[in-house]
Amino acid sequence: MNQTVTKASAVISPLGDSALVITFGDSIQYDIHKQIKTCKDSIELNPFPGFVECVPAFTNLTIFYNPLEVVAAVGKKQKKEFVSPFEVVSSIIQSKLENEQTEKELNHRTVSIPVCYGGEYGPDLEYVARHHNLTPEEVISIHSEGEYLAYMIGFAPGFPFLGGLSEKIATPRRPSPRTSIPAGSVGIAGMQTGVYPISTPGGWQLIGQTPIKLFLPEQNPPSLLQAGDIVKFEPISKEEYQEILAKEGEK
Amino acid sequence: MSMRVSKAGLLTSIQDLGRRGFQQHGVIVSGAMDSYSLQIANLLVGNDEKEAGLEVTLMGPTLEIESDCLVAITGGDLTPSVNGKPVPMWKPLFIPKGSTLSFGPCKTGCRSYLSVAGGFAIDEVLNSKSTYLRGEIGGYKGRALQTDDVLPLSAPAASKPTFLSNELINGVYTSSWSVNYKEFVHFTKKPSVRVMNGSQFDLFTAESKSHFMKEPFKVSNQSDRMGYRMDGPSLQLQEKKELLSEAVSQGSVQVPPDGNPIILLADRQTTGGYPKIAQVITVDLPLLAQVKPGESIYFSHISLHEAEKIYLEKEQMLQELKIAINLVSTK
Amino acid sequence: MINVRELQEVVSLMNESGIQKLHIEHEGTKVVIDKAGIPLEDPAVTEVKTDEVKAAATEQSPQDSMSVNAADNNEKQILSPMVGTFYAKPEADADPFVQVGQTVERKDVVCMIEAMKLFNEVDAGMEGEVLEILVKDGDVVEFGQPLFTVKSR
């Protein structure tokens with residue numbers, strides 16, 4: 001199997017013929033997240049020839065590259081022999097990892113997301129409360145007091161995978177999913193909490209809704225949230241919700 | 001300078017080679033399912049190979065040509081015709097204003113591509129003209145074409161290039177040369193699709209690994225631009241495992257708990273949590289795009305280095321084809 | 001290499017003089033110009049013939065075939081206008097463009113020659129009956145190599 005083991009036991013393996021994965025660990029841990037973020041920032045700051053983009057996840061960082069451009073950048077004298085694009089990119093990554101200073105603390109942006117909880121905006125709030133023998137107000141309190149780290153964005157444009165949900169309100173998915181969940185819905189599914197940026201089918205327990213847009217296709221970056229952000233949910237009233245919604249509509 | 005849609009067809013959308021650089025924000029790549037056919041269609045009309053064209057699926061649209069234009073039609077044979085008469089594929093075609101371009105029965109393949117010299121005058125969204133159907137952005141108003149849509153063309157009304165014949169045959173002026181496309185895409189029955197081992201290949205049972213590389217898999221009806229759901233022997237992990245979500249790529253073959261593999265394609269989500277048994281090599285993705293629901297394929301294993309060699313060879317061939325077309329198009 | 005301008009002059013001289021056939025060799029480049037069976041005044045033919053030389057030089061341009069008299073009777077040969085691979089059929093599982101015994105018109109496509117991934121259609125360039133197919137599907141052919149024998153009208 002084509003794999004390279006590097007310092008700090010990060011493992012580099014191919015994902016098809018035009019991408020590779022750098023795996024830093026096997027569970028959700030802040031320290032792994034830090035290594036991923038540091039590596040990602042370093043690569044994006046100085047992209048190697050042929051670099052296309054990278055996607056961070058919970059335990060790994062995937063690098064997409066153009067194999068032709070990778071090989072073209074290698075010295076001319078080697079053109080006659082076969083040069084493996086994977087091996088070229090692997091050694092570039094290896095040097096980066098060996099020279100990395102991971103002692104530096106990460107800078108996290110804190111993003112506050114206003115949420116109108118319950119009622120027509122959170123049809124499953126009462127169910128979640130009952131499930132845990134809590135009042136709906138207690139659920140809102142626990143949810144909005146938490147600080148959540150966005151480990152990655154995926155599943156849908158702008159959709160954050162947030163870690164750090166309190167066990168006190170972790171609730172299993174609905175047995176049968178809804179065919180359509182409105183964009184902006186804030187929900188709980190097992191140990192995860194998150195916000196749906198666009199309308200999709202889904203089985204999450206919906207406890208509230210945010211009036212702000214998470215997917216912004218006219219902007220760069222097109223996502224409100226990024227991997228590494230700390231997310232806080234801020235309870236707002238129905239009136240405030242309508243106000244903010246109107247303002248967002250004008251954008 | 002435009003083309004008007006008088007009949008929409010099953011699924012016709014504007015696609016280029018995909019929206020790259022935003023996957024970390026959850027924005028999918030999209031793009032042509034058969035990228036070689038789109039690129040060749042572009043070369044035939046003198047466009048940059050990355051220019052956006054129309055991807056036509058199974059049942060094609062009817063287009064009213066409202067200004068003289070130079071086009072090319074490649075990919076699967078969906079029996080294109082102009083004013084009711086069949087026209088050749090894999091060649092540049094000069095179509096006079098007032099003509100009607102339509103498609104008929106699907107004879108080979110599944111998807112056909114139409115390029116126009118100068119491309120379509122469509123704004124880019126996030127650096128690409130590809131249509132993200134579910135996200136409703138990009139391409140023509142973020143959706144598939146509908147009746148009465150008017151597609152604006154970037155170039156002014158073309159004049160007939162001198163390298164084309166002076167004779168109007170079946171409503172078009174064309175060349176006496178065409179592309180030998182078989183090095184790039186082919187339409188054989190039960191094709192062999194080459195794969196590398198996937199990230200979680202080792203987690204599968206020996207029996208599953210063996211079946212995967214030996215038995216035929218049928219493309220089910222629940223297949224689309226997001227992915228092909230395959231029917232065949234059930235593939236199982238050695239032990240049940242919850243995986244964390246991670247990035248996937250076009251060609252990732254993931255296996256959900258029900259054991260039926262899904263080949264992720266152009267409109268796949270950026271991340272997934274199912275184990276990946278294999279990766280279809282980039283060069284065979286166009287081949288797969290031309291297989292229809294109901295048809296079967298085989299998977300065959302090759303190494304990373306072999307996959308990379310083939311990729312580099314094909315890119316070289318594409319560049320040579322570009323030079324060859326330039327030579328015969330300038331007179 | 002023969003200069004295209006020089007060739008154009010040669011062809012117009014031929015037109016004026018009534019010479020039907022001319023064989024030129026110049027520094028390794030061979031040109032055969034045969035106007036048999038084609039009206040003298042046809043400007044398209046003149047143009048085409050000149051372009052055939054260009055085809056020899058570039059080995060890329062697809063053109064009408066060249067021909068040569070095989071013998072004194074009406075048997076003529078259709079020659080390959082370029083280097084490449086000979087294809088008798090438009091598709092692997094299709095019928096061949098022409099069969100022995102078939103009558104062809106001047107503009108009928110008799111075969112394709114492939115080079116650099118482009119198929120070039122070769123026209124009969126004459127009217128008559130196909131007597132013999134001299135090469136096989138997949139053969140590599142040279143510029144000027146005889147492909148078909150045709151009994152010309």
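# Close-ups of a predicted model

Figure 1. Cys69(B) sits opposite Ile95(B), which belongs to β8(B). This is a predicted model, so keep that in mind for every view here. The two strands behind this pair are β5 (residues 69-75) and β8 of chain B, which run antiparallel and are joined by four bridges. In general, strands of a sheet pair through backbone hydrogen bonds, and they can do so in parallel or antiparallel fashion.

**Figure 2. Strand β8 of chain B has buried residues pointing both ways.** Follow β8 (residues 92-95) of chain B: Pro92(B) and Phe94(B) point one way, while Leu93(B) and Ile95(B) point the other way. Are these four buried or exposed? All of them are buried. Side chains in a regular strand alternate between the two faces of the sheet. β8(B) also pairs with β12 (residues 173-174) of chain B, again antiparallel, through two bridges. There you'll find Phe94(B) opposite Tyr173(B) in β12(B).

Figure 3. Zoom out and you reach the largest nonpolar core, with 186 residues. The members that touch the most others are Cys69(B), Val71(B), Ile95(B), Ile263(B), Val110(C) and Cys111(C). Nonpolar side chains tend to be buried together in soluble globular proteins.

**Figure 4. Six strands of chain B line up in an open sheet.** Reading across, the order is β7-β6-β9-β4-β1-β11, with antiparallel pairing. At the edges stand β7 (85-86) and β11 (150-152) of chain B; each has a single partner strand, so one side of each is left without a neighbour in the sheet. Inside the order, β6 (residues 81-82) and β9 (residues 100-102) of chain B pair over two bridges. Look for Val82(B) opposite Leu101(B) in β9(B).

**Figure 5. Chain B as a whole.** Stepping back, chain B has four helices and 22 strands. Its radius of gyration is 20 Å, close to the 20 Å that the globule rule gives for 331 residues, so chain B is as compact as a globular protein of that length. Along the principal axes, its C-alpha atoms fill a box of roughly 65 × 35 × 35 Å. Buried residues account for 53% of the 331 residues. Among contacts in chain B with a separation of 6 or more, 76% link residues 24 or more positions apart.

**Figure 6. Chain B touches chain C.** Twelve residues from chain B and eleven from chain C take part in this contact. On the chain B side, β13 (177-179) and α4 (304-329) each give two or more residues. Which element gives the most? That's α4(B), with six residues. By class, the chain B side has seven nonpolar, three polar and two charged residues. A pair of strands also spans the two chains: β13(B) and β8 (residues 118-123) of chain C pair in the antiparallel sense over three bridges. Here Trp177(B) stands opposite Asn120(C) in β8(C).

**Figure 7. Two domains in chain A.** Where they touch, six residues come from domain 1 of chain A and six from domain 2 of chain A. The domain 1 side of that contact has four nonpolar, one polar and one charged residues.

Key:
Residues are numbered from 1 along each chain as its sequence is written. Chains are lettered from A and ligands numbered from 1 in the order in which they are written. This is a predicted model: local features need pLDDT of at least 70, side-chain atom pairs count only at pLDDT 80 or more; totals for chains, interfaces and linings use all residues. Two strands pair if DSSP finds at least two bridges between them. Two residues are in contact if their C-beta atoms, placed from the backbone, lie within 7 Å. Ala, Val, Leu, Ile, Met, Phe, Trp, Tyr, Cys and Pro count as nonpolar, Asp, Glu, Lys and Arg as charged, and the others, Gly among them, as polar. The radius of gyration is taken over C-alpha atoms; the globule rule is 2.2 Å times the number of residues to the power 0.38. A residue is buried if 20 or more other C-beta atoms lie within 10 Å of its own, exposed if 12 or fewer, and partly exposed in between; C-beta atoms are placed from the backbone. A nonpolar core is a set of buried Ala, Val, Leu, Ile, Met, Phe, Trp, Tyr and Cys residues joined through C-beta atoms within 7 Å.
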